[in-house]
Amino acid sequence: MGIDAGGTMTDTILVDADGGFTIGKAATTPRDESLGFLESAEDAAAEWGLRAEEMYPHLRVALYSGTGMLNTLLARAGKRLGLIVTRGMEDAVLMGRGLQAWADYSYSDRLHAVTHNHPPPLVPRGRVFGVTERVDQFGAEVIPVYEKEAELAAVELLNENVDAICVCTLFSHVNPAHELQIAAAAENAARERGADVAVYCSHKIRPVVREQSRLNSVLIEAYACAGGRRQLLGIEKAVRARGFKHQVHTVLSYGGLASVRHPRLHETMVSGPIGGILGAQHIGEALGEESLIVSDMGGTSFDMGVITRGQVRMENEPLLGRFKLNAPTIAMDYIGAGAGMVVKVDPLTKKASLGPESAGADPGPVCFDRGGEMPTVCDCDLILGRLNPDYFLGGKVKLNTRKAEEALRRDVADVIGADLHFAAEGMTAMLEAEANSALRRILSSQGVHPSEFVLLSYGGSGPLHLSGYARGIGFKDIITFPFAAAFSAFGCTTADYMRRHSRSVHLDISSAADDDELLRIAGEIDSHWHGLEKLAREEMTNDGHDPAAVSAEPFLMMRYRGQLEDVEVPSPVRAAKTADDARAIIAEFERIYDEINRKVSRYGDAGYSVMELGVIARAEKVKPRLVRRALESPLPKKEADKGKRKVFFDGCWRETQLWEMNELLPGNRIIGPAVVEHSATTLIVAPGDDVCVDEWTLFHYRYGGAKEKE
Amino acid sequence: MTDAPVTLREKLRGNDRLLAETGHYAGIRDLRLREKDALKYETLHTKLRALCVAGREMARRISASPGVREVGESVVALYTPEGDAVALSNGIMVHVHTASRFIKWMIENGYEDDPGINPGDIFANNDAFIGTVQAPDVIDVVPIFYEGELIGWAGAVCHELECGGITPGGDVALAQERYGEGLFVCAEKVGLNDALRRDYLIRCERNLRMPIYWILDEKAKVAACQDVRESVLALIEETGAEYYRRAIREFIEEGRRAQLARMRQLTVPGRYRGNTFYGHVTRGKPGLQPLGPPDLLYGMPMELTVKGDGKMLLDFEGTQGWGWHSMNCTPAGMDGGMFVTLTQHMNYEGLVNDGAWLATELILPRGTWTNPDNEKCATATSWALLLPAYGCFQRLLSRAFFARGFREEVFVGQVNSPMIEMGGESQYGGRFGMAHFECAAAGSGAMAIRDGLDTAYVGWNPESDMGNMEIWEQSMPMLYLGRAITPDSGGGGKYRGGCGFTSTWLVHNTRELTLITSEHSARVFDNAGMCGGYPAPTVQWHTAVRGADIGGRAKKGLPLPHSLGTDPLRTLPETLLAGGTVEKCEGPFITAPFKDGDVFCHSYNGGGGYGDPLEREPQAAAKDVENGYATEEFCRAVCGIVLKKESRARAAREADEKKTKELRGEMREVRRKKARPVKEWVREERERLLRGDVAPEVRRMINESIRFSAKFADEFRGFWNLPDDFVFAGDGDDNNSGERPGQ
């Protein structure tokens, strides 16, 4: 069972042993998230005719990801914190990184300086204290801890009735002694006072270089995750009371699962969109595909993620609620492009453009008839006959075509002097062109030819615009699904249990390194890997995994000496013992670097630097299985036929065949123009294209496929 | 036979002629492709911009310089065959037109014949007189050939952290002639067959203190250009060459029209005038050649004219000559300053290209610092004068926005944010050199609806940031003892200016560290407030303590300095480290090298305020004091706000409404008493002028403006009712043995 609790709705996907699935929904209940959880799960089980108490005892995995902690952060509704830092950096909570004032803004607002603004701090400046101390980048003590200052700071913070005290000192990831000393002083003071105050150290939360990111990590963990943990434990208690026999798990932003007792819960806070990548890995394994691009088009954004030759790209410095972190996150790129985007024409320049505003869910596009006045791409889709006004969300929302037409005519068609339907088609084409450019941009940075990639298309509007947004790129294959609308939740259920432990190092390797130097480097690398693996295995064992079933894969973050951006290098050797092992690591770095950047940019003469060493520990879990079925005839069965409707394609109305997605079978082939409808999504097959349903019930879209003979 | 242009030079001149004759770029009167199929046309434009953005991302990954990687100091763009910018990535918009000048320069100088422009060639330039802002801004361009025809150029710029000049870094404050600025690459063919020449890389390796920055940035830029080139060629395959050739020119003509339309929308036509100043103090500092006066005052009177059709002219008439210092600027740099400012106020949608340049005009009097007539002069710290000038431009634009009713667009704007550069023995034992880019996060001027942005804005890159201390410490042999908001560094106002910050460093693990700073105005404000707001203070003096014995003090648990403190007369390092040798320095810091155990403080500026400080919300002042943005003394003396300690929480403050009202009443009364008739004041000041009772720098400044501009002379003499031949006697032109600007 995978459950995704969003801001308004909690979605459940239940998957059975044969790969069958059902979807449930309930309102999210922020005060006690377990209520929404239980109701949504019941809704899904009911689809299969099961009562909850019949389901829970048989459930193997319960997986929960929610936005509760993120909302706590965004609403500034977290714990009352105190902070002790290296003396002289107390203002960091206000100064932040300057880039936090604009980094999650749109392209135009990043340049439009009067819009910039710092995010409000999580701890007020008055509850930040400095303690005189310094450690340098090599871990050497330069100024000892002024213990008295630490004690005084702790007492002052306890006087302020804080819930928790965070400690962050410079270079604590290299040498944590000072942070530990300050934390001990704070703990002592709390004990003497009999106060129940938790003390958090930055090096324990994330032992990686960049003090501002480490500070943000420790503050967010203390601020938002304590309450989140209580919610998660409450959920576990509730489902265990109903017969569930295992631990409840949650999704880490780097793609693994961890129990709700995970000590660094802030690592789960950006997990929402990554389900798509996890699902893609799963599908890729079934199909034998190693390079995949996922594309999720919803109402407001177009999210993309890449798996290149089996490697998932990681973002090491993501933003969370406008705070810069150094918690590794599966890299997802996005642009503002979705069916909810407002379409408009600048009255001055007569330039037609999309967004950046989106109509959102409330009031929604004009055709929802809930007060929306600005036409959106969704309205264009309706005007063109691509959406069925009586079958949106399975008919739960009736769409008003006349209102959509009026708005588009008024705001766009009349302003540029174009025919209504030409204008509508032009605007949808513009959305698709923007998504198309974004995909090309992502591809160009992979250094791999597009013909090696399979594109997966999902999200509420993905299949609706697929006929345009991937055209002409030359993908190897393009796939969409009957469960496109819930693919992210599905993806989360396919993940393994995983821990990623890493630490910053600084190992330089000269370009002319001899065997002795390489051997020394290999030894250093290995000793770090050894320590990290031990740590990772301990955590996994504490989570109840069989130590024998835990595997560990070492990796390095490397760069040419002097560079500032690392390339993640999965180690080609299991352990680094010899000079040849070091050579193999360097060769692997060069190979990966060359793939990502152009040849002209290689610079081995500068030497190499290893900046971070890490270990990924994994334990397998039961996963939903894709089921293979026998291929039926190309012609869909009668029940799938929903009749015909006029749809506007390429500047004219065409009589178009309609199909019910749930009734299509493996082997069926749909020839465009056609519309395949599902209660949660619509797949448009443009004239000249076709879609084939394969033995896994995946839909393969082919541009120009209709010309092929059956 | 047709008489179509055959050489690039003929094409370039033909384009210029068509623009002059028709008023339209390349003579394009109708946007034919746009009219025929607007969406196809827009789609191509979107794609061209997207591929520039992708190229810049690639460059960012490869670069070694924190300027590029952490602070975003780069831009990638696509040009027409004649060198006009069609589309640009985000990044330093300063370079909308600089690379353009560089390409045109090569065309005009016969590069087609010698050294030849061929597929796979790479050209580089960092000579400001050819086309860039300052020596650290190194531009690379590659030609794009389609079926044997040169169909465009891809270009990329990065700001280098080390240029191999007379002192380490790139903004070489000691450079008084170009010969001190470092490595120059003057429109040079640095690569063939898509690879950088080995002899060029060897030259870089042997002439720079930190060659890795420059070389990896070269590789990054060339990779980005090649990426753009390949993507453009793929697009031409789709659209056809003829469509592409026409479309890129329509984009530029459209850009020109869009710029005019934006001006018409946002501003009221008319004349907007302003003035700003910059004080340069170097008397007695080591390393200076006696070429010109060591202490200078620059005045920058500016006049912005917005015409009815939206055309904008910015006139620098009345400013002074270039000089033997590093702050001169070329017209390319002046373009740059204007564009980075315009992109923040009206061209932020990403549609800016050379069309916008055609819709604007800079009037840069020949021989002044804005347009030197001697190419031997240095331009290494041209930002020192550019930033005050374009801060003034922002205030002129803001008045035009305000006049139109766009109050929320009003922005008191940019200030100088002094740079610190360093070199010597690194903490790793080798030699190093670097410009420290945490200056990319000063305080901004206030807005008309809220306070300025604290520690997060610089005019030259709106995507501002200071980076992590732990990252900077990896690149230099100094440890942060503190990085703290500088209280009272924002100008007072109803809305105060944003505050800057101060770094306090302990020199560590080195026997020799040279520290040099640049780009800070001394003695006069280089920024201003608006509508009654006060300017931000000039930058703090530098405080250094040699032999500070931090280690010994730490062992005894004695207090150490982590900031300058709040006493304006005596800084904390002076007070706490009395055993060491204190050095105080006004203006650029140029002195003997430091070593392990010394302490150095460096401050970045805040911005000017908006509105009368006596109208400031008292509770806002209480918050400022709580957070360290202002001192109680400042709130009382400048804003007339009295605070009381709020008992509930340790640091909380509260405004005393009653006492504030009383104090403000008294302050208004003092203002009234100080006020007197303008006529009276003018009469007294006139007497001072006739007596020559002003600082020698002021006399020299006014005399030079009079010499350069008859218009200035007439206005100045007319306003003060001075004799027709008035100049100051003995303008203090001491030490000026060299060639005299403007003669």
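Biologist: Which residues have the most contacts inside the largest nonpolar core?
Modeller: Those are Ile84(A), Cys166(A), Val167(A) and Ala186(A), in a core of 423 residues. By core I mean a set of buried Ala, Val, Leu, Ile, Met, Phe, Trp, Tyr and Cys residues joined through C-beta atoms within 7 Å. Buried means 20 or more other C-beta atoms within 10 Å of the residue's own, with C-beta atoms placed from the backbone.

Biologist: And which helix gives the largest share of this core?
Modeller: Helix α13 (residues 383–404) of chain B, with 13 residues. Helices here are DSSP runs of H or I, at least four residues, and strands are runs of E, at least two, numbered from the N terminus.

Biologist: Before I go on, how should I read the model and its numbering?
Modeller: It's a predicted model, where local features need pLDDT of at least 70, side-chain atom pairs count only at pLDDT 80 or more, and totals for chains, interfaces and linings use all residues. Residues are numbered from 1 along each chain as its sequence is written, while chains are lettered from A and ligands numbered from 1 in the order in which they are written.

Biologist: Back to Cys166(A), what is it in contact with, leaving aside neighbours within four places in sequence?
Modeller: Leu81(A), Leu83(A), Tyr200(A), Val218(A), Leu219(A) and Ala222(A). Contact means the C-beta atoms, placed from the backbone, lie within 7 Å.

Biologist: How many residues of chain A are in contact with chain B?
Modeller: 62 residues of chain A, and they meet 81 residues of chain B. On chain A's side, α13(A) gives the most, with 8 residues.

Biologist: New topic: why is helix α5 of chain B largely enclosed?
Modeller: Because 9 of the 11 residues in α5 (residues 98–108) of chain B are buried. Among them are Arg101(B), Phe102(B) and Lys104(B). Just after α5(B), Gly110(B) has a positive phi of about 70°.

Biologist: OK, sheets. What's the strand order in the open sheet of 4 strands in chain A?
Modeller: β29-β30-β32-β33, with mixed pairing. Strands pair if DSSP finds at least two bridges between them. β29 (641–649) and β33 (682–685) of chain A are at the edges with a single partner strand each, so one side of each has no neighbour in the sheet.

Biologist: How do β30 and β32 of chain A run, parallel or antiparallel?
Modeller: Parallel, with 4 bridges joining β30 (residues 652–660) to β32 (residues 674–677) in chain A. Glu660(A) sits opposite Glu677(A) in β32(A).

Notes: Contact = placed C-beta atoms within 7 Å. Buried ≥ 20, exposed ≤ 12 C-beta atoms within 10 Å, placed from the backbone.
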